[in-house]
Amino acid sequence: MLDWLAAPDHATARWVLQHLVALVYVIAFTVALAQFRPLIGERGLTPIPRFLARTTFRRHPSVFHLRYSDTLFRVVAGTGLVLAVAALAGATDVLPLGAGLALWGLLWVLYLSIVTVGQVWYGFGWESLLLEAGFLVTFLGPADVAPPAPILWLLVWLLFRVELGAGLIKMRGDPCWRDLTCLDFHHETQPLPSPTSWWFHHLPRPLHRVEVLANHVTQLAVPFLLFLPQPVASIAAAVVVVTQGWLVSSGNFAWLNFLTISLAFAAIDDARLRWLLPVPLPEPAPLPTWFAGVVLAVTGLMLALSVWPAMNMLSPRQKMNAGITPVHLGNSYGAFGSVTRERDEVVLEGTDDPDGADTATWLEYEFRSKPGDPYRRPPQTAPYHRRLDWLMWFAPLAPRMARTWLPTLLDRLLEADRPTLRLLRHDPFDGERPAWVRARLYRYRFTTRAERRATGAWWHRELIGDYLPARTLRRSSAAP
C-alpha cells in the first residue's frame, strides 16, 4: 500500500547525498569552532550575549537563549562536529531508524542554534541552504529502508529554487547579465578570488560571453528538466554538476557550490549512478508505516512553506537569499544579482610610532584569503569559509554595516588580542601591541599579462584614501 512512497532506484543517490551533506556539516561546525570566539564570542566583534539581549526565541530560535557562554558554544559546536563525523562515517545506517532520524535532527538543531545568533557573520545564503538541505536529508532514512520518493522530490525542488532563483535574480538585476558582459568583471571583483581567478579573468572576451550564456541556460532552462523522466533528469543534474564544478574552479564560495552539487544527486537514478559509484548497499525494505507518516507530514509542511519562495521567484521584486521562517526552511535563493565593476579593498595597518604620524612606518596586517599583498597569489579557501575575509569584501560596499564591527576589530588589533590575530595570516608586530592602527582604502585590479611578467605581481593597487582614521587605545573614542 505504501509502495508509491518508495524510490528504491535512488539508493545510491541517497548514500551520496547523506555523505556529502554530512561532510558539509563537518566543515561548518569546524569553522564555527575555529572562528566564533573573536567574531561572536563574549568578547567578539558582535557578541552573542548582546544580541540575545535584544531579540527573542521566536525571532531567532536557539539553545543559547537558555544560557550563553563561550564554553557552552564549544560544547554545542563540538557536539555537532562529532555527530557530523559519525554521520559521515555511516553511523545512521547502523543505528535503528528512529535513532538515525534523531542524529540528523540534532545536527540540524545545533547548527540552527548557531546560525540564528551568528548575526552578520552568518548572513550568507549557503547557511540557509545547509539548514534546508540538512532538514530534508534527515528524512531520507538508512540504507536498509527504501528512499522516500517525496523527500527526494523535495530535494530536487530545493535545487530547482537554488538554480532558477539565481538565474532570475541575474536577469532582473544587472544589465551586464543580459548583454553577456558580467564576466568581464566578475572574476576580478568576486569576494575571494581563487588561485585560478587571474587566468579566468584574462580569458578572451568572446569566451566570457559563452560562459554567461551557458550560465543562463543552466540556471533558467535546465532546472525544469530535473522533473522529467529518466534519463533526462539525470542528464540535467549532470549539467548542474559540471557548471558548479566550473564555479568551484574559478572562485571561493565557501560550501555553496559543493552543497548544490550534492543536491543534484537527488535527480540521478541508480541506473546512471552505480556505474560511476559502485557502492555495496543492502536490499532496501519497504518504508515502515510510522516512517511513511512522518515523510508525508514533512512533505505537507514543506509544500506549504514552498508557496512564498515560488511567489518570490515570480515577482519582479524578487528577494535574494531570503525567507519568512525563523528556522530557515522554505527559502528563496540567488546570488550576484549585480556585479561590481571595480574592486576596492580595505587594508588594515599599524605603527609603533607613538605619534601615529603619516610619515611613520606603517605595516600591513595580512588576511588569510582576501587580497592584500599584490605579490601574493590568491589562495584556495573553499569549501572552508573565512568569515572575516568575506565581511572585509563587503566593507567598501556597505560602510554602514561595517561600522558595527570594524572599529572594534581595530581596537582588538591595538590590544593584540590573540583570538583575533589568529584569524589573520600575518601580524606585523609579532603579538606585540601597536601604538596606532588605521584602515585605508585601495583600488585593486588584476595585473595585465605584461605587468605579471615584468613584476611578478598578481594585483595592481592604488591608494584612494583613509577608510577609518588612525586610532589608538588612548583615543579610540575619536573614531567614527
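**Exercise 1.** How many disulfides does the count come to?

Solution. The model is predicted: local features need pLDDT of at least 70, side-chain atom pairs count only at pLDDT 80 or more, and totals for chains, interfaces and linings use all residues. Residues are numbered from 1 along each chain as its sequence is written, and side-chain values use heavy atoms, with hydrogens and water left out.

Step 1. Take the rule: a disulfide is a pair of cysteine sulfur atoms within 2.5 Å. The count by this rule is 1 disulfide.

Step 2. Identify the pair. Cys176 is joined to Cys182, with S to S at 1.7 Å.

Step 3. Assign the hand. The S-S torsion of Cys176 and Cys182 is about 65°, so this disulfide is right-handed.

**Exercise 2.** Decide whether Cys176, Cys182 and Pro280 are buried or exposed.

Solution. Step 1. Set the classes: buried is under 20% relative accessible area, exposed is over 50%, and partly exposed lies in between (1.4 Å probe, protein chains only).

Step 1. Apply them. Cys176 has a relative accessible area of 1% and is buried; Cys182, at 0%, is buried. Pro280, at 76% relative accessibility, counts as exposed.

**Exercise 3.** Work out the strand order of the open sheet and find which strands stand at its edges.

Solution. Step 1. Strands pair if DSSP finds at least two bridges between them. The 4 strands run in the order β2-β1-β5-β6, with antiparallel pairing.

Step 1. The edges are β2 (363-364) and β6 (459-471); each has a single partner strand, so one side of each lacks a neighbour in the sheet.

Step 2. Check one pair. β1 (residues 343-351) and β5 (residues 436-446) are antiparallel over 9 bridges; Asp344 has Arg443 in β5 as its bridge partner.

Notes
Helices (H or I, at least four residues) and strands (E, at least two) are DSSP runs, numbered from the N terminus.
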